[in-house]
Amino acid sequence: GRNNFQFYTSKLNEIATRHVQLESGLKEAIQRNELSLVYQPKFCLKDGSLTGIEALLRWHHTELGPISPVEFIPLAEETGIITQIGHWVINQACQQLAEWNSLGFNGITVAVNLSARQLKADIISTIEVALAVSGLPAQSLELELTESMIMGNPQESVSILSKLKALGLTIAVDDFGTGYSSLSYLKRFPIDTLKIDREFVRDITNDPDDAAITSAIIALAHSLDLNVVAEGVETQEQLNFLAMQGCDQVQGFLLSKPLSAADFLTLLKNQSKPQPIWFDLIWFDLIWGEAYKCHRQNQPIKKAPRSL
Ligand code: C2E
Ligand code: MG
Ligand code: MG
């Protein structure tokens with residue numbers, strides 16, 4: 001009826017207005033200092049050591065408040081402004097890690113997410129300059145790309161990725177398992193790491209299909225000599241499963257949310273004390289947790305949530 005129609009048009013107006021607001025806002029976001037990076041740690045599953053961080057972009061719009069990258073990255077891609085924003089992200093991430101290195105925190109890598117539009121020849125010089133200006137060794141930088149980005153233009157991707165690899169950095173496939181491309185690209189592209197998509201990890205402990213897919217991805221990665229990271233780990237049960245399957249690294253809210261630079265520095269300072277409890281926790285839980293459950297015969301004990 002009439003009311004519905006009015007509701008519909010006003011909703012459409014709202015969406016259109018926000019779209020325009022965000023689009024024009026994005027153009028000024030860098031100059032207005034509205035962008036920042038947060039850093040989500042990654043840990044080695046065998047010994048619990050911190051292996052690296054992923055830089056994740058945040059935008060605080062002056063009037064609209066915080067905007068999720070899920071909303072603004074596609075807009076930035078549409079308008080092409082992603083090139084400048086991506087450039088800013090790469091430089092900021094390199095500078096930040098170089099600063100932590102200079103404080104004595106070494107041996108961790110920083111991963112930056114790239115957009116399809118950034119995978120052009122000029123990305124090579126952008127990265128070379130960012131490394132040179134920050135003084136960060138290329139080995140400390142990792143690039144996260146999705147399957148669909150690589151497969152958009154396979155010929156060009158092979159050539160660009162090979163040149164990037166030649167600089168000494170590493171390449172990870174993000175959200176692995178959600179694309180629909182042929183697995184043969186894994187052989188053709190100079191890839192180092194697969195990141196198992198959060199969607200699979202979420203249900204590994206209650207959906208046998210997701211558990212099977214996750215184990216298969218881990219086995220596939222290892223047989224191709226690739227490193228494998230599980231993202232979106234939220235529970236101890238998921239962590240146990242991944243440990244049992246031999247996953248290399250983990251990332252997720254159970255271990256740490258994305259942190260501001262200041263909070264990550266605090267974590268680094270505490271981290272310098274070794275954390276032997278990690279290994280014990282996982283394996284104790286695996287061996288005794290399961291044994292105890294069997295003993296109780298289908299009366300699984302509800303484990304107290306624990307912080308690591
Ligand atoms: P992504 O690269 O796959 O990043 C992982 C996303 O999952 C992040 O969301 C992170 O906060 C979230 N996450 C991490 N652990 C957990 C968990 O245990 N549970 C749940 N539910 N979520 C978790 P965020 O920061 O909102 O980023 C979303 C996406 O936006 C990223 O997905 C990436 O595709 C894109 N993005 C973020 N920063 C950049 C950037 O600088 N450049 C580009 N091109 N894309 C970016
Ligand atoms: Mg990522
Ligand atoms: Mg991902």
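**Reading a predicted model: strands, ligand, salt bridges**

Tutor: Start with one pair. F176 stands opposite I196 in β7. Keep in mind that this model is predicted.

Student: Which strand do three bridges join to β6, and in what sense do they run, parallel or antiparallel?

Tutor: The partner is strand β7, residues 193-196. The two strands run parallel, joined by three bridges.

Student: And which strand pairs with β6 over five bridges?

Tutor: That is strand β5, residues 141-146. The sense is again parallel, as β5 and β6 pair that way.

Student: What joins to β5 by four bridges?

Tutor: Strand β4, residues 109-113, which runs parallel to β5. Here V110 stands opposite L141 in β5. Now read the order off the pairings: β4 joins β5, β5 pairs with β6, and β6 is joined to β7.

Student: How many residues of β5 and of β6 are buried?

Tutor: Buried means under 20% relative accessible area. In β6, residues 170-176, five of the seven residues are buried. In β5, five of the six are. Both strands are mostly covered.

Student: Next, the ligand. How many residues surround ligand 1, and which are the closest?

Tutor: There are 22 residues around ligand 1. The closest are R58, D174, R198, E234 and F253.

Student: Which atom of ligand 1 lies 2.9 Å from a polar side-chain atom of R58?

Tutor: An oxygen atom. E54 also places a polar side-chain atom by a ligand oxygen, at 3.0 Å. For S115, the ligand atom is a nitrogen, and the distance is 3.2 Å. Taken alone, ligand 1 exposes 800 Å², and the protein buries 83% of that.

Student: Where is S115 found, and is S115 buried or exposed?

Tutor: S115 is found in the loop between β4 and α4. Its relative accessibility is 5%, so S115 counts as buried. The S115 side chain also makes a polar contact with the side chain of E77, at 2.5 Å.

Student: How many salt bridges does the structure hold?

Tutor: Eleven. Look at E54 again. E54 forms a salt bridge with K195, with the closest N and O atoms 2.9 Å apart. The pair links distant parts of the chain: E54 sits in strand β2, K195 in strand β7, and they are 141 residues apart.

Student: Are E54 and K195 buried or exposed?

Tutor: Both are buried. E54 has 5% relative accessibility, so it counts as buried. K195 has a relative accessible area of 1%, so it is buried as well.

Student: Which residues are linked with E54 and K195 in a network of salt bridges?

Tutor: E144 and E231.

Student: What does the salt bridge of D192 and K165 tie together?

Tutor: The side chains meet at 2.7 Å, N to O. D192 lies in the loop between α7 and β7 and K165 in helix α6, so the bridge ties together parts 27 residues apart in sequence. K165 counts as partly exposed, because its relative accessibility is 26%.

Student: How far apart are the closest N and O atoms of R202 and D203?

Tutor: They are 3.8 Å apart, and the pair counts as a salt bridge because the cut-off is 4 Å. R202 is partly exposed at 44% relative accessibility. D203 is partly exposed too, at 22%.

Student: Now the backbone. Which residue has a positive phi of about 60°?

Tutor: First the general idea. Most residues other than glycine have a negative phi. The case here is N33, which is not a glycine. Its place is the loop between α1 and β1. With a relative accessible area of 67%, N33 is exposed.

Student: Where is D225 found, and what is its phi?

Tutor: D225 is found in the loop between α9 and β8. Its phi is near 65°, a positive value in a residue other than glycine. D225 has 71% relative accessibility, so it counts as exposed.

Student: Last, the surface. Which residues form a nonpolar patch?

Tutor: Y8, L12 and I15, with about 320 Å² of accessible area together. I15 is found in helix α1, residues 2-29. I15 is exposed because its relative accessible area is 52%, and the threshold for exposed is over 50%.

Conventions. Residues are numbered from 1 along each chain as its sequence is written. Chains are lettered from A and ligands numbered from 1 in the order in which they are written. This is a predicted model: local features need pLDDT of at least 70, side-chain atom pairs count only at pLDDT 80 or more; totals for chains, interfaces and linings use all residues. Side-chain values use heavy atoms; hydrogens and water are left out. Buried means under 20% relative accessible area, exposed over 50%, partly exposed in between (1.4 Å probe, protein chains only). Two strands pair if DSSP finds at least two bridges between them. Patches are made of residues with over 30% relative accessible area and no salt bridge: like charges are joined within 9 Å, nonpolar side chains (Val, Leu, Ile, Met, Phe, Trp, Tyr) within 5 Å. Accessible areas come from the Shrake-Rupley method with a 1.4 Å probe; for residues, only the protein chains shown count as cover. A residue is near a molecule or strand if one of its heavy atoms lies within 4 Å of it. A polar contact is a pair of N or O atoms within 3.5 Å; within protein, one must be able to donate a hydrogen and the other to accept it, and residues adjacent in sequence count only if both atoms are side-chain atoms.
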